[in-house]
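Please read them next to the sequence and the coordinates.

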Amino acid sequence: MTEPEFRAVFPEHKDAVYRFALRMTSSAPAAEDIAQECFLSPLRLPERYDPTRGLMRAFLLGVARNLALKQWNLEHRWDPLDEESLVAHPLDASAGEMADLVAAGVHSLPPLQREALILAEYEEMSLEEIACAVEAEVGTVKARLHHARENLRRILAPLREGNERRSKAEWNR
């Protein structure tokens, strides 16, 4: 990648890369480091990007994904990176604002489920684009996304129950 190409690509994709890294790590400093390293990668090794394999956005998010997982592996050296995990601990609905609780729920997902959900729901990528970014089959992405949504549904169940109780109480007034 040449410097003029970089100047064209950076403004177009910097926000998506940073948002993805932030949602994967829940750390602004870590997200900044990942985003910076992500954009340095094609400058250092321009031959790594092959436009016939997918869009630049998918490539950059794939690099960000690998960097985020590398960091996760360093921090959780002994924890398994289990894409089939169905562990879901419900949130305390009284613990904060809805957006913060949803963000906490997303962050509590296993990393491979979290990345599929973030890329699909927040970055609005197609299954094929996600598969390219995470170097997986489309069927694998579908399964991860399904498990992520099921886990998130369980995690956020107390919020739904709390809203239903409030609605009934307001209706009865």
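1. The largest pocket of this predicted model has a volume of about 240 Å³. Its lining is made up of 14 residues. Those that lie nearest the pocket centre are Arg48, Arg53, Phe59, Cys132 and Glu135.

2. Which helices each supply at least two residues of the lining of the largest pocket? They are helix 3, spanning 56–75, and helix 6, spanning 127–134. Helix 3 gives the largest share of that lining, with five residues.

3. Sorted by class, the lining of the largest pocket holds seven nonpolar residues, four charged ones and three polar ones. For anyone setting up a calculation on the pocket, the charged residues Arg48, Arg53 and Glu135 are among those nearest its centre.

4. Cys132, one of the residues nearest the pocket centre, is partly exposed, because its relative accessibility of 24% falls between the 20% and 50% limits. Cys38 has a relative accessible area of 0% and is therefore buried, the limit being under 20%. How many disulfides does a search of the whole structure find? The count is zero. In general terms, a disulfide is a covalent bond between the sulfur atoms of two cysteines.

5. The fold contains eight helices and zero strands. Along the sequence this reads as α-α-α-α-α-α-α-α. The protein has 173 residues, and 38% of them count as buried. Its accessible surface comes to about 10,300 Å², with carbon and sulfur atoms accounting for 53% of that area.

6. On contact order, take the contacts between residues at least 6 apart in sequence: 68% of these join residues at least 24 apart. Gly105 belongs to helix 4, residues 98–107, and Asn151 to helix 7, residues 138–155. These two residues are 46 apart along the chain, and their C-alpha atoms are separated by 8.8 Å.

7. Are Gly105 and Asn151 buried or exposed? Gly105 has 0% relative accessibility, so it counts as buried under the 20% limit. Asn151 also has 0% relative accessibility and is therefore buried.

8. Two backbone angles deserve a look. Most residues other than glycine have a negative phi. Ser26, which is not a glycine, has a positive phi near 55 degrees. Glu124, likewise not a glycine, has a positive phi of about 55 degrees.

9. Where do these two residues sit? Ser26 is in the loop between helix 1 (3–25) and helix 2 (28–44). Glu124 is in the loop between helix 5 (111–122) and helix 6.

Key. Residues are numbered from 1 along each chain as its sequence is written. This is a predicted model: local features need pLDDT of at least 70, side-chain atom pairs count only at pLDDT 80 or more; totals for chains, interfaces and linings use all residues. Side-chain values use heavy atoms; hydrogens and water are left out. A disulfide is a pair of cysteine sulfur atoms within 2.5 Å. Buried means under 20% relative accessible area, exposed over 50%, partly exposed in between (1.4 Å probe, protein chains only). On a 1 Å grid over the protein atoms alone, a cavity is a set of points where a 1.4 Å probe fits but cannot get out, and a pocket is an open set with protein on both sides within 12 Å along at least five of seven lines; lining residues have an atom within 4 Å of a point. Grid points are joined across faces, edges and corners, and a volume is the space filled by probe spheres set on the points. Helices (H or I, at least four residues) and strands (E, at least two) are DSSP runs, numbered from the N terminus. Contact means heavy atoms within 4.5 Å. Accessible areas come from the Shrake-Rupley method with a 1.4 Å probe; for residues, only the protein chains shown count as cover.
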